[in-house]
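Have a look at the fold first, then read on.

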Amino acid sequence: MQTRTLGSLTVSAIGLGCMGMSEFYGAHDDAQSIDTIHRALDLGVNFLDTADMYGPFTNEKLVGRAIRGRRDSVVVATKFGNERNPDGSWIGINGRPDYVRAACDASLLRLGVDHLDLYYQHRVDVQTPIEETAGAMGELVRAGKVRCIGLSEAAPKTIRRAHAVHPITALQTEYSLWSREPEDEILPTVRELGIGFVAYSPIGRGFLSGKIRSIDDFEPDDYRRNSPRFKGDNFQKNLDLVTRVEQLAREKGVTPAQLAIAWILSRGSDIVPIPGSRRIPHLEENVAAVTITLSADELARIDAEVGSAVGDRYPDMTRVNV
């Protein structure tokens, strides 16, 4: 497995997003998910991404069980800020310093570790100055509870303000063949500041894999059913886009998911994709993308033939790029 550097943190070139192992993508199986994490570690994928809100709270416990006895070989990233009740109901976005400290202690306990390698603010709290939130996160670093800090879905101005208080190691935002918005301002900003970029949903929430052909392919409780990109006429328009990805993948002799991941990897050595996988075959397919090289001509053709998705990324876009 190749490695990449996110700020001051060295991680595997591809990470593993663990969210779907506990929520949002329909039914899940903890034993199967733990087997998948173990296989990821065996393949050299050491960068695991979770958050306290996933489950809520159960995904951190799952990851904690999976890495028990292997902590020294794992880079654990988790997040705070999307506050939920144990029953899953939504409370709000919270970046207050007292909450930052309490959330960190709770995550350490659920994960069963004595420190977090990367601790993100999951969403920016517009009611709390980012300087206060970043300051509290910096205190956690000085206390030895956190090695590095990051932000998720933060706008360039917010990134700069936080970085001025304490060095930001990584910025996590959705980025894929059909979601290229970070290229406009966010990527130039983090590169100027020496901050790494973590790309979540690099396979377009699974859509770019070519395995989703109808809205009925989603389970009844799959949150993607509510995404503007998968509703109404947008579904067919985006499916047409996937057809072009499939054609390019066939010509390359790879799967559409592998082409999507290889494209992300080609965008710079400071970018680490974290595709989610709940099953070992999908994991192995994704990891194999690390060995795929796209030529300049292939990249130019992808750029020319694959456009942006139709529809917003979320039903409520006010919580992202803040």
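Helices (H or I, at least four residues) and strands (E, at least two) are DSSP runs, numbered from the N terminus. By that count, the chain has 10 helices and 12 strands. Please keep in mind that this is a predicted model, where local features need pLDDT of at least 70, side-chain atom pairs count only at pLDDT 80 or more, and totals for chains, interfaces and linings use all residues. Residues are numbered from 1 along each chain as its sequence is written, and side-chain values use heavy atoms, with hydrogens and water left out.

Now for the overall shape. The C-alpha trace spans about 50 × 40 × 40 Å along its principal axes. The radius of gyration, taken over C-alpha atoms, is compared with a globule rule of 2.2 Å times the number of residues to the power 0.38. For 322 residues a compact globule would come out near 20 Å, and the chain's 19 Å agrees with this. Of the 322 residues, 58% are buried, meaning under 20% relative accessible area with a 1.4 Å probe and protein chains only.

Because 5 of its 5 residues are buried, E11 is largely enclosed by the rest of the structure. In a regular strand the side chains alternate between the two faces of the sheet. In E11 both faces are covered: Gly 196, Val 198 and Tyr 200 are buried on one side, Phe 197 and Ala 199 on the other.

What is the neighbour of E11? Strand E10 (residues 168-174) pairs with E11 in the parallel sense over 5 bridges; pairing requires that DSSP finds at least two bridges between two strands. Within this pairing, Gln 172 has Val 198 of E11 as its bridge partner.

Key. Buried means under 20% relative accessible area, exposed over 50%, partly exposed in between (1.4 Å probe, protein chains only).
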